[in-house]
Amino acid sequence: MIIADRAVLVTGANRGIGHALVEEALRRGAKRVYAGTRQPLAHADGRVTPLTLDVTNAAQIQEAVAKVESLDVLINNAGVALYDDMSDRAVLEEHLAVNLFGTNAVTQAFLPLLTRSRGAIVNNLSVSALAPNPVIPGYSISKAATFSLTQSLRILLAAQGVKVHAVLTGPVDTDMTRGFDIPKSSPESVAQGVFDGVENGEEEIFPDP
């Protein structure tokens with residue numbers, strides 16, 4: 001799917017990878033970019049439509065759906081990553097609420113529009129979905145579950161012509177890894193890799209550093 005002249009929605013669009021995805025969609029000629037954020041967002045490009053969107057808030061999700069006229073690509077980028085040791089159940093529940101159930105709630109809400117356009121869903125995951133990171137086990141568990149969700153949706157939605165992509169990133173230079181002196185990809189390179197993968201029809205997308 002070529003991004004030019006398409007309508008794209010990015011959740012978690014205020015910073016990091018989400019902000020880079022918005023900018024890359026614009027660079028590739030998207031006709032409309034819906035930027036979902038929990039806080040108000042202003043953008044100089046008239047093609048950007050801000051949406052107040054907490055993916056754990058059912059009312060906000062429905063309000064966002066009502067403001068979107070058509071949609072070709074949904075990028076579920078919103079997520080949470082908290083360092084923990086699995087001693088507090090509430091931390092795991094928060095990861096699942098945002099990363100798993102939030103992703104599914106947004107997907108189901110926008111599915112009628114995506115079915116109509118025979119569009120694409122992109123779930124921004126992590127290599128932690130495949131190889132758990134011991135310093136963020138709750139995050140790793142939630143991303144593994146969301147990877148399974150992604151694969152299930154791919155099978156379920158194939159007959160409706162909706163493509164489903166999984167993005168499996170390594171360390172990215174965002175707030176989450178700011179304190180670690182390790183090789184990292186830039187958010188911009190990840191965004192480029194995501195859209196390259198969508199345009200090339202890749203199911204599993206591993207952005208290069």
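# Reading strands, cores and patches

Trainee: Which residue in E5 is the bridge partner of Asn 76?

Mentor: The partner of Asn 76 is Asn 123 in E5. Keep in mind that we are looking at a predicted model.

Trainee: How do you know that E4 and E5 count as paired strands?

Mentor: Two strands pair if DSSP finds at least two bridges between them. Strand E4 (residues 73-76) is joined to E5 by 4 bridges, so the pair passes that cut-off. The two strands run parallel.

Trainee: What about E1 and strand E2 (residues 32-37), and what makes them a pair?

Mentor: Here there are 5 bridges, against the at least two that are needed, so E1 and E2 pair as well, and they run parallel. Leu 9, for instance, has Tyr 34 in E2 as its bridge partner.

Trainee: Which order do the 7 strands take in the open sheet?

Mentor: The order is E3-E2-E1-E4-E5-E6-E7, with parallel pairing.

Trainee: Why are strand E3 (48-52) and strand E7 (204-205) said to stand at the edges?

Mentor: Each has a single partner strand, so one side of each is left without a neighbour in the sheet.

Trainee: Why is E5 called largely enclosed?

Mentor: Count its residues: 5 of the 5 are buried, so the rest of the structure largely encloses E5. Ala 120, Val 122 and Asn 124 point one way, Ile 121 and Asn 123 point the other way, and all are buried.

Trainee: Why is Leu 130 called partly exposed?

Mentor: Its relative accessibility is 48%. Buried means under 20% and exposed means over 50%, so Leu 130 falls in between and counts as partly exposed. You will find Leu 130 in the loop between strand E5 (120-124) and H4. Together with Val 127 and Phe 206, Leu 130 makes a nonpolar surface patch of about 270 Å².

Trainee: Now for the inside: which residues touch the most other members of the largest nonpolar core?

Mentor: They are Leu 9, Val 68, Leu 71, Leu 74, Phe 110 and Leu 157, out of 29 residues. Strand E1 (7-11) and the helices H2 (58-67), H3 (89-117) and H4 (137-157) each supply at least two residues of this core. H3 gives the most, with 9 residues.

Trainee: Which residues is Phe 110 in contact with, leaving aside its neighbours within four places in sequence?

Mentor: Those contacts are Leu 9, Ala 64, Val 65, Val 68, Leu 71 and Leu 74. Apart from this core lies another, of 24 residues, including Leu 21, Ala 35, Ile 75 and Val 194.

Terms used:
Residues numbered from 1 in each chain as written. Predicted model: local features only at pLDDT ≥ 70, side-chain atom pairs only at ≥ 80, totals over all residues. Heavy atoms only, no water. Core = buried A, V, L, I, M, F, W, Y, C linked by side-chain atoms within 4.5 Å. Buried < 20%, exposed > 50% of the residue type's maximum accessible area, 1.4 Å probe, protein only. Contact = heavy atoms within 4.5 Å. Patch = residues over 30% accessible without salt bridge, like charges linked within 9 Å, V, L, I, M, F, W, Y side chains within 5 Å. Areas by Shrake-Rupley, 256 points an atom, 1.4 Å probe, with all protein chains shown as cover. Salt bridge = Lys/Arg side-chain N within 4 Å of Asp/Glu carboxyl O.
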